[in-house]
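Me: I have a structure to go through with you. Can we take it topic by topic?

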Amino acid sequence: MAANYAKLWKLLIDKNINKTTLREMSGISTGTLAKLGKNDYVSTEVLEKVCRALQCDIGDIIELVDNEEC
């Protein structure tokens, strides 16, 4: 299984928020934002910060997929 953050990027589009604004709202680093962009694993603390900033549930920003789908 692998993490896929496509739901996060769609949510940002729906809320008209760019990645820089998300980084500032959530307090995450540029490196962490880059990891999200590469579908790399990040800590649950990071996911919680993003969810708090966007006022959403974790299932709204991440999906676990088979490695073949990545």
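Me: What kind of model is it, and how are residues numbered?
Reply: It is a predicted model, in which local features need pLDDT of at least 70 and side-chain atom pairs count only at pLDDT 80 or more, while totals for chains, interfaces and linings use all residues. Residues are numbered from 1 along each chain as its sequence is written, and side-chain values use heavy atoms, with hydrogens and water left out.

Me: Start with the core. Which residues touch the most other members of the largest nonpolar core?
Reply: Those are Y5, L8, L22, L36, L54 and I61, out of 20 residues in that core. A nonpolar core here is a set of buried Ala, Val, Leu, Ile, Met, Phe, Trp, Tyr and Cys residues joined through side-chain atoms within 4.5 Å. Buried means under 20% relative accessible area, exposed means over 50%, and partly exposed is in between (1.4 Å probe, protein chains only).

Me: Which elements give two or more residues to this core?
Reply: They are α1 (6-14), α3 and α4 (44-54). The largest share, five residues, comes from α4. Helices (H or I, at least four residues) and strands (E, at least two) are DSSP runs, numbered from the N terminus.

Me: What does L36 touch?
Reply: L36 touches Y5, L8, W9, I28 and V42, not counting residues up to four places away in sequence. Contact means heavy atoms within 4.5 Å.

Me: And L33, buried or exposed?
Reply: L33 is buried, at 12% relative accessibility, and is found in helix α3. With residues up to four places away in sequence left out, L33 touches W9, K19, L22, R23 and I28. Its C-alpha atom is separated by 8.9 Å from that of T20, 13 residues apart along the chain.

Me: Where is T32?
Reply: T32 is in helix α3, residues 30-37. T32 is buried too, with a relative accessible area of 16%, and touches V42 and V46, again not counting residues up to four places away in sequence.

Me: K19 came up. What lies over the face of W9?
Reply: K19 does, at 4.5 Å from the ring centre. The rule asks for NZ of Lys or CZ of Arg within 6 Å of the ring centre and within 35 degrees of the ring normal.

Me: Switching to the strand. What is N4 doing?
Reply: N4 is in strand β1, residues 2-4, and is buried with a relative accessible area of 17%. A polar atom of the N4 side chain lies 2.8 Å from the backbone nitrogen of A6. Leaving out residues up to four places away in sequence, N4 touches N39, I61, I62, E63 and V65.

Me: How many disulfides are there?
Reply: The count is zero disulfides, where a disulfide is a pair of cysteine sulfur atoms within 2.5 Å.

Me: Last topic, backbone. Which loop holds N16?
Reply: N16 is found in the loop between α1 and α2 (19-26). Its phi is near 55 degrees, a positive value in a residue other than glycine. N16 is exposed, at 73% relative accessibility.

Me: And N39?
Reply: N39 lies in the loop between α3 and α4, with a positive phi of about 60 degrees although it is not a glycine. N39 counts as partly exposed, at 28% relative accessibility.

Terms used
Polar contact = N/O pair within 3.5 Å; in protein donor to acceptor, adjacent residues only side chain to side chain.
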